[in-house]
There are 4 protein chains.
Amino acid sequence: MKGHKVTMLGTGLIGLFYTRTLHGQRNRDRVHVVYSRSQERADAFARENDVPNTSTDLEGAIAHPETDTVVIGLPNDLHLEAVELCARHRKAVLCTKPLARNAAEAKQILDIAEGAGIFTGYLEDLVYTPKTLKAVQAVQAGQIGTVTWARSRETHPGPHSAWFWDATQAGGGAVIDLGCHCIEIIRSYMGKGNRPVEAMAWMDTLVHPIEAEDNAIALIKFESGAIGQFEVSWTFRGGMDLRDEVAGTEGTIWTNHFLRTGFEIFSSGDGGGYVAEKAETSSGWLFPVGDEVSELGYVDMFSDMFDALESGRAPRETFYDGYVVNAVMDAAYRSAKTRAWEPVELFEWRGGATNRIAKTMESHDGQIVIKRELLPDGRSKLILKDPASGDFTDRIVAG
Amino acid sequence: MKGHKVTMLGTGLIGLFYTRTLHGQRNRDRVHVVYSRSQERADAFARENDVPNTSTDLEGAIAHPETDTVVIGLPNDLHLEAVELCARHRKAVLCTKPLARNAAEAKQILDIAEGAGIFTGYLEDLVYTPKTLKAVQAVQAGQIGTVTWARSRETHPGPHSAWFWDATQAGGGAVIDLGCHCIEIIRSYMGKGNRPVEAMAWMDTLVHPIEAEDNAIALIKFESGAIGQFEVSWTFRGGMDLRDEVAGTEGTIWTNHFLRTGFEIFSSGDGGGYVAEKAETSSGWLFPVGDEVSELGYVDMFSDMFDALESGRAPRETFYDGYVVNAVMDAAYRSAKTRAWEPVELFEWRGGATNRIAKTMESHDGQIVIKRELLPDGRSKLILKDPASGDFTDRIVAG
Amino acid sequence: MKGHKVTMLGTGLIGLFYTRTLHGQRNRDRVHVVYSRSQERADAFARENDVPNTSTDLEGAIAHPETDTVVIGLPNDLHLEAVELCARHRKAVLCTKPLARNAAEAKQILDIAEGAGIFTGYLEDLVYTPKTLKAVQAVQAGQIGTVTWARSRETHPGPHSAWFWDATQAGGGAVIDLGCHCIEIIRSYMGKGNRPVEAMAWMDTLVHPIEAEDNAIALIKFESGAIGQFEVSWTFRGGMDLRDEVAGTEGTIWTNHFLRTGFEIFSSGDGGGYVAEKAETSSGWLFPVGDEVSELGYVDMFSDMFDALESGRAPRETFYDGYVVNAVMDAAYRSAKTRAWEPVELFEWRGGATNRIAKTMESHDGQIVIKRELLPDGRSKLILKDPASGDFTDRIVAG
Amino acid sequence: MKGHKVTMLGTGLIGLFYTRTLHGQRNRDRVHVVYSRSQERADAFARENDVPNTSTDLEGAIAHPETDTVVIGLPNDLHLEAVELCARHRKAVLCTKPLARNAAEAKQILDIAEGAGIFTGYLEDLVYTPKTLKAVQAVQAGQIGTVTWARSRETHPGPHSAWFWDATQAGGGAVIDLGCHCIEIIRSYMGKGNRPVEAMAWMDTLVHPIEAEDNAIALIKFESGAIGQFEVSWTFRGGMDLRDEVAGTEGTIWTNHFLRTGFEIFSSGDGGGYVAEKAETSSGWLFPVGDEVSELGYVDMFSDMFDALESGRAPRETFYDGYVVNAVMDAAYRSAKTRAWEPVELFEWRGGATNRIAKTMESHDGQIVIKRELLPDGRSKLILKDPASGDFTDRIVAG
């Protein structure tokens, strides 16, 4: 069982999570080189995570002869340069979310990578949470019928590093930081072939003294008529709230990834200690998760990436998906300014066509059945519409 | 302890719930006259609910000499006429939700009632659920700081009576039927004095073969900058989903009124039987509520109404509130057509003024503190913004 | 709608809860006289709860000419005397839980009340929570088949008044205080006619410097073979934990009465304020209930008591039930000493006989079917036992 | 990153789960040989799980020259023989739970393995669930103070293979099958050095036509005075219920491993499909888990086993632990017969000594403080015990 040797770019929280995942359990892939702008941080990271090589030279780290894959865990404004170097050195490249600060930059990245023909993966971890993977499978099996609505909510009290708060480096605020997750979760439920057509968004800076939005809500209309909805916030209090909901014609799915996962602790505060990412307290009722890197999708994400790389197939999340996410966010940002729906502009759509959600059409005695309810006595109550007059009536029928 | 004698207009599901509430526990108010268009239904209702008098004459029922209060549980298009008759006979009148089919009709109702000087109450039950009452109290006490966002979700597989499905009688679809609840719940969290300024809505008829919308999402912007959000659906599968969420600068509140209330049954299907309003099955995992009329707010609602009537104060929910709800729904319907934000148009605003949500402004060494995180070693990590350059930096400080 | 005028004995927490219930909503019964050993406490109580009369004379309060019903909310060692006075003055009497400190004392109380022929009710509120009432109904309807096991858990950080901690006044510790609730909840699920036969208990004083037990676990075996289990504690941290579970041959029921009822607040601590009985904090994640007196069963309990009194029937919980509870607790206390199962000794059993839980007996090809599992391909896997050899085998069959 | 090559003994459900875990994600250890009594089952298993070698010869499979580790996934009565062969061929051996059918047999296994000096691991997966690992860490850090009570519940509708139901092959019923998990979970919370002293158990065969117990409850008393409690059942309806609870002097922990993990699906039944191990339905409300082999502890268990093997340390769960579990179960079985507490008999105790839980001893004005409650006005209410008279009183004090 041979594994991969990886160059990790970045020593922030995301680089740490990625590395812990790769070095966790009995995994066979390892971080072999870590790059940071600061030698001190690179050294500390290497020491704490048992990484044999460090570098403060971006190109050198990428070109390192013993690694075959580069993982980008850098601020958003540095993704393009890093991908260019990967293309030059023909390394497989896995880039953290969002792919870029906007669709134009994402297109550049996509073009470079596709031009070079290198393997690319978009590290959208929340699409890979074990719950989401199984839920998407249930949707694809038809267990909830045709999807009509999906909600993705990602809120917490704000990111841990300074650059996130700087709209220039980041490309935006809570939408760029968190909305990118939500969009891909929603697309996964809608079906990747279901084109996002339009977006409408509200954004505001309510609490923090910054330029970027700290709260936003967006709606995304899909070709099938289904609607996606996301809520992101950097002002949420209570921890990190990651919840998704999907409704379909035959069912519904609710997932809670962080704050209510069947693990509850009450503590008077004795013992202290780390509870969970972005938890606000260490006393009172606490809601940790079992294994963060597994629950947040990192384990399944890297499994898919390396398995795809080895078998020559595309991973679940590609740079093209990252590009689509940026295009949806661009539409949302435009809508927040124009205060109206804005089209999602894509240079090309690779997903095919999706039919409109079909209306149920049952008839009874020449009338359209609007609803059928089972009564306690075993009979059914029908709500009927007369196709000629348009009148609605109730009728009780046997069976 | 003397109680009130009530004329109940309507024998549908809502009339039944109201009557069961009034006749429940050791309550001292009673339905004394029940009106239906059909004598047969009136008789059946009177028999099953122990009501001494029936009538198929609307004015006669309202004018009945032994009742002092009229409860309107009729289809939406009949509210105006009923209120006119109550005004004529100077009866206290409590009207089910929504007050009217649109704001113009609601204004007519309001004018008639205020002109006659009769006591009026708007029967918006979900504002009175015990959880909502206590949650609003917590908000008013400042336990979650300043409210930034409120979400109200009300979805189920569609209403039980034919007239709901007919846009002419009802005035609309899922928004008119369910959105009216959500708007008042949101207003209760925002503060009744916080003016709803604008609305944006998506609506569609996705599943049912009807003209009215069977799914809708709306955003409501308030004077404070806070945002309300509601989701309504007649195509939800899984029962009746009533959930509200509120976020504030110091906390958050989640309430679940129906499907997850700490009461869970698994049944192989033996025994059958009624589980809960709008439940879809009687086998597998079932989620009943303890006492529906209490949990859904009916008990507290009528207590407030009759206590208000006796003490000469306004109840928590007045006809003016009902009018505001209609005005917000009108804006939402307009927005669904114009595909842009629409102003909430009110003939007058009785709620006063509300300040914009205040931004937190802490400074450290001449820098603006964006975020403060407690580290495991007891020190704090500050994210700082330089007021001159606008640059963001991290800094670790003691304490 | 005429109501009852009540003499309330006791101004502690339980007297307060009872009075708030009677004076809550649009209830038609009222506390007319309140008795306390201290005039100061009686006056304060009367003022805060709008009670017209006070007394420090127990017999005078009971004999008050304008009241027809006496509610006993006194320490356990005073129940007998109070019931004697009610019998003498022929008042209906409702007594708080436990009925007495032990079965002998409970028998005295029962004999006095039955001898006088007065109406009696045993105020076991937790049997009357709306969830429990509906759950018992589901059990009686057969929705979970035959009950095999019931668990009742009542734990909190310890009672609020000094006398509870004094084994002489109280008759015991956590078992007497909390176990009495659990026993009646368990009996309600088992069927009141299902005789409790034996008890086994572990008790210990683990944390508090007292003589009485602060933790206990007991098992109760019923005539049907079903097993009851309760856990009580005065050392639980995290609030008041009231949960019941029932398992049957066709299903299961889980109820949570206090800490997880679909109402969740996160608060940084701003605003402070009362959250819920026995809550430990006012910051972090908090779990209030909507309407405590309703959720804890007080409303339905008094409705049943007064309805029973008016209609001449027995209430759901009688003094005989209280006596059985004491007899079960006596057996548990004996078992904690003998470290073995102890019989539940009853001077008479009024509940009839109950059959042993029936074993399922399906056969296939002359073999006994132990288990039938549906396979994904539509076939069934049978686990079979050969009646002759006693050997077990797997077999896959169609359908 | 070199991995291990494993001989897997057994192709039942447990062998499948083990193999899926080893072959899952980017794991570096692989099953290299699979043994079954039936060549057909071995071949099918090898094909479906990509295992290169099969065998129907137990010793041959164990002695296979290319494998270094043997995993025993056989019926309980075959563990001893398999361990003997592993000892003879000096292979590292990992044995599924329970280690043996009783303590005497477990002692034989232990002696053989220790005599041969081979590496041994006891495959008690539920101690390794990510939630349990983190919860045990929280306990060890003191976050809930001193543990006073732990409950472990494992119930489902009965095992999938015939041999489980045969008391001769299995060594017992639900206690042997499920209680072994519970005991080790409880010991993990109590501290492995906290000696289990006595056990008391109720067992019965309520529903299935078998000799072995299908329901049991047991109490286990530990040297510290703390009490463990487990409930096992083969007659539970609703899926597989795996819940643990721990109470301590400073807090509490609740974990739910299967039925309520923040993943909820409602399905009308369309799409069908596999939901979760031991789920009873594929319609209505369903509660899958994200990644079964991770959530159930298999991933962390094998990581610990192989990491321990490589680093020469003992794994978290050893054959000695398995022996202790059998000894506790033996005591429980004896207690079910004698109907009294029975000592846990151990040939030697390797865990050291544990102090009795300390009573809190705070004093105020020469009185013992029994309880301290914070009042809404900021003052405290003390419940005091006079050390001389033993009398209890309430007192309100500042602060």
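Biologist: How many residue pairs are in polar contact between chain D and chain C?

Modeller: This is a predicted model, in which local features need pLDDT of at least 70, side-chain atom pairs count only at pLDDT 80 or more, and totals for chains, interfaces and linings use all residues. Residues are numbered from 1 along each chain as written, chains are lettered from A and ligands numbered from 1 in the order written, and side-chain values use heavy atoms, without hydrogens or water. A polar contact is a pair of N or O atoms within 3.5 Å, where within protein one must be able to donate a hydrogen and the other to accept it, and residues adjacent in sequence count only if both atoms are side-chain atoms. With both residues at pLDDT 80 or more, the count between chain D and chain C is 34 residue pairs.

Biologist: Which strand of chain D gives the most residues to the side that touches chain C?

Modeller: Strands are DSSP runs (E, at least two residues), numbered from the N terminus. The strand that gives the most, with five residues, covers residues 367-374 of chain D and is strand E17.

Biologist: What is the area buried between chain D and chain C?

Modeller: Buried area is the accessible area (1.4 Å probe) that two parts lose on being put together, summed over both. Here 64 residues of chain D are in contact (heavy atoms within 4.5 Å) with 64 residues of chain C. Carbon and sulfur atoms give 56% of the buried area, which is about 5800 Å².

Biologist: Which residue of chain B meets Glu264(D) in a salt bridge?

Modeller: A salt bridge is a side-chain nitrogen of Lys or Arg within 4 Å of a carboxyl oxygen of Asp or Glu, and the rule finds two of them across the interface of chain D and chain B. In one with an N to O distance of 2.5 Å, the partner of Glu264(D) is Arg260(B).

Biologist: What is the volume of the largest cavity?

Modeller: On a 1 Å grid over the protein atoms alone, a cavity is a set of points where a 1.4 Å probe fits but cannot get out, and lining residues have an atom within 4 Å of a point. Grid points are joined across faces, edges and corners, and a volume is the space filled by probe spheres set on the points. The whole structure holds 13 cavities of 30 Å³ or more, and the largest has a volume of about 1100 Å³.

Terms used. On a 1 Å grid over the protein atoms alone, a cavity is a set of points where a 1.4 Å probe fits but cannot get out, and a pocket is an open set with protein on both sides within 12 Å along at least five of seven lines; lining residues have an atom within 4 Å of a point. Helices (H or I, at least four residues) and strands (E, at least two) are DSSP runs, numbered from the N terminus.
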